[in-house]
Amino acid sequence: MIEKARRFLEDVYANHLVRRFNHIPTHIAIIQDGNRRFAKEHGLSVDIGHRLGADTTLHVLEWMEKLGIRHITFYAFSTENYKRGSDEISGLHELFIDKFNEMLEDARIHNNKINVTIVGDRSLISPDLLEVIEKVEKATKNYSRYYVHFALAYGGRNEIVETTRAILQKCRDGVISPSDITPDMITNTMYPLHDMPPVDLILRTANDKRTSNFLPWLANGNEAAVCFCVPTWPEFRYVDFVRALRVYDQRMKD
């Protein structure tokens, strides 16, 4: 009963904040931090921590529709994460397969016309996981109301290096000349299959004040606002999300 009352008051407060906003970001990049910390603090396995975090991710799909945020990119798994223990990586692999399979039938995806894609090095993703991902991408490719991007096997510096190589190869092949290279052309080369606008807000949970090499081309070049939230990702609530949007709204007013 107390928890229900608390959530009601939080929602009232959050909705009050939203009504005062003059600016809502188009693209939010979210670093979902703290699954392992939450699990340790509550005596749970790391796998359960990650699964509780995945539940929060799915709640965000509802919030983006409620608030009219068209693009969200989740930092699901970085290239550095491959250094973690084999048991944890295996658990995350199974979790990703489960959740992408669920997306194929998730009413939130289809009713809200959410286009789901991944960004990252697909050569590093296992064939069975990639197969499920491509099914979701195919099932949602014609949706254009909202866009959810999952950064898997992703590294920002590696992304820039690979894009540079691709552009240099086009120059060598005579497809383009150096004078053709523009910021828009670099973006289109970097994300040839995705509608990826500049990042307006980077949000990181668990109070770790780093942006961790996440979407540097889209975020740093756009001077994205940054919000570091105290709650871990499994604890992250709608009111926390709205408070992060307030950071962006205040920056746009300054």
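This is a predicted model: local features need pLDDT of at least 70, side-chain atom pairs count only at pLDDT 80 or more; totals for chains, interfaces and linings use all residues.
1. Six strands form an open sheet. Their order is β3-β4-β2-β1-β5-β6, and the pairing is parallel. Two strands sit at the edges, β3 (114-119) and β6, and each pairs on one side only. From one strand to the next, the twist averages 20 degrees.

2. **The β1-β2 pair.** Strand β1 covers residues 27-31, and strand β2 covers residues 71-78. Five bridges link β1 and β2 in the parallel sense. Within the sheet, look for Ile30, which stands opposite Phe74 in β2.

3. Val226 belongs to strand β6, residues 225-228.

4. **What surrounds Val226.** Setting aside neighbours within four places in sequence, Val226 is in contact with Leu201, Ile202, Thr211 and Val247. Ser78 is 148 residues from Val226 in sequence. In space, Val226 and Ser78 are 19 Å apart, C-alpha to C-alpha.

5. **His110 and its polar partners.** His110 is part of helix α5, which spans residues 107-111. Which side chain joins that of His110 in a polar contact of 2.9 Å? The partner is Tyr143. The His110 side chain also has a polar atom 2.8 Å from the backbone oxygen of Leu104.

6. Residues up to four places away in sequence are not counted here. His110 touches Met103, Leu104, Glu105 and Tyr143.

Note on methods. Residues are numbered from 1 along each chain as its sequence is written. Side-chain values use heavy atoms; hydrogens and water are left out. Helices (H or I, at least four residues) and strands (E, at least two) are DSSP runs, numbered from the N terminus. A polar contact is a pair of N or O atoms within 3.5 Å; within protein, one must be able to donate a hydrogen and the other to accept it, and residues adjacent in sequence count only if both atoms are side-chain atoms. Contact means heavy atoms within 4.5 Å. Two strands pair if DSSP finds at least two bridges between them. Axes are lines fitted to C-alpha atoms, for helices over the stretch in contact, and angles run from 0 to 180 degrees between N-to-C directions.
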